[in-house]
Amino acid sequence: MSSSISSSSPPPHQRCDVCIIGAGPAALATLSAIHEPYTLDSMTPTQVNSASESIRYSRGVGPSTKKVCVVDPSGEWLGRWNDNFDRLGIEYLRSPALAHPDHFDINSLLAYAVANDREDELVESGCAQIRKLFGLGQTQVGLWKLPSTRLFRDFCIHLARQLKHDFVKGMAVDLTRNDNGEEDNDDTTDTSYTVTLANGSEITCKSVVLALGPTGTPVTPTKLCHVPKERLIQWPRMKEHL
């Protein structure tokens, strides 16, 4: 079972092996990769069957025993994505059903839809009519169909519940590398990191993954530079106008 924990008041200091900052699809894919370090396209059929049996037996814990902590201010998986879906009225993803955060199984979103009698939430993308894709097995089984946003986020929540982690509601404001005391020592085996949250609490970990989505200063396309600034709204500021 998952040990997902959401907390509005995280402890002053906690430790983990991996701290993932962010809670979107990239963060969930990272969590999946940590607990299920296998990829179907790099394994022989025998290895696939063996790994599948192993994961089926220990699903929710996975081969990895690493303690993983996920930090996000929304307090839930896909918080920002859900907000964007609702704000922009997006009902279906542009990405096909084969593009999802489950690192191990390319068919899992499609399987989730079938298992929950929600195949009607997968619509044709038109890719099945492209000659170069027509002969692919992915096209024949429906992996190029587009899932509804509701199906996608329900699948992501379902996946997250199966992967062991602690969820901390908070804003990461600083990241510090804790060296082993020797400035020029290249040995990183003793290196750790401290993630500081806005409320002053800290998380010490061996590895940090920044799954923050688009960051940095918004860039205006050259052909739109002539548009008056008051009429050109970058997405980070869109919430002010919707």
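Author: Happy to. Let us start with the term itself: rings of Phe, Tyr and Trp, the last taken by its six-membered ring, form a pair if their centres lie within 6.5 Å. A pair of aromatic rings is described by the distance of the centres and the angle of the planes. The model you are looking at is predicted, and it holds four aromatic pairs.

Take Trp-77 and Phe-167 to begin with. Their ring centres are 5.7 Å apart and their planes stand at 80°, an edge-to-face pair. Trp-77 sits in the loop between strand S2 (68-72) and helix H3 (79-88), while Phe-167 belongs to strand S5 (residues 166-169), so this pair ties together parts that are 90 residues apart in sequence. Are these two residues buried or exposed? Trp-77 has a relative accessibility of 9% and counts as buried, because the cut-off for buried is under 20%. Phe-167, at 2%, counts as buried too.

Now move on to Trp-81 and Phe-152. Here the centres are 6.5 Å apart and the planes meet at 35°, so the pair is tilted. Trp-81 lies in helix H3 and Phe-152 in helix H7, so the pair ties together parts that are 71 residues apart in sequence. Trp-81 is partly exposed, with 38% relative accessibility, whereas Phe-152 is buried at 3%. Both of these residues also belong to one aromatic cluster, together with Phe-85.

Phe-152 leads us to another neighbour, helix H4. H4 (residues 108-115) and H7 (residues 149-162) pack with their axes 10 Å apart, at an angle of about 100°. That makes H4 roughly perpendicular to H7, because angles of 65 to 115 degrees count as such. On the H7 side, the contact is made by Leu-151, Phe-152, Asp-154, Phe-155 and His-158; on the H4 side, by Ser-108, Leu-109, Tyr-112 and Ala-113. Six of the residues in this contact are nonpolar, two are polar and one is charged. The buried residues of H4 are Ser-108, Leu-109, Leu-110, Tyr-112 and Ala-113. After H4 comes Asp-117, with a positive phi near 55°.

Finally, here is the wider setting. The chain has seven helices and eight strands, and 36% of its 242 residues are buried. Of the contacts between residues at least 6 apart in sequence, 76% join residues at least 24 apart.

How values were computed:
Residues are numbered from 1 along each chain as its sequence is written. This is a predicted model: local features need pLDDT of at least 70, side-chain atom pairs count only at pLDDT 80 or more; totals for chains, interfaces and linings use all residues. Side-chain values use heavy atoms; hydrogens and water are left out. Helices (H or I, at least four residues) and strands (E, at least two) are DSSP runs, numbered from the N terminus. Buried means under 20% relative accessible area, exposed over 50%, partly exposed in between (1.4 Å probe, protein chains only). Contact means heavy atoms within 4.5 Å. Axes are lines fitted to C-alpha atoms, for helices over the stretch in contact, and angles run from 0 to 180 degrees between N-to-C directions. Angles under 35 degrees count as roughly parallel, over 145 as roughly antiparallel, 65 to 115 as roughly perpendicular and the rest as oblique. Ala, Val, Leu, Ile, Met, Phe, Trp, Tyr, Cys and Pro count as nonpolar, Asp, Glu, Lys and Arg as charged, and the others, Gly among them, as polar. Rings of Phe, Tyr and Trp (its six-membered ring) pair if their centres lie within 6.5 Å; planes under 30 degrees apart count as stacked, over 60 as edge-to-face and the rest as tilted.
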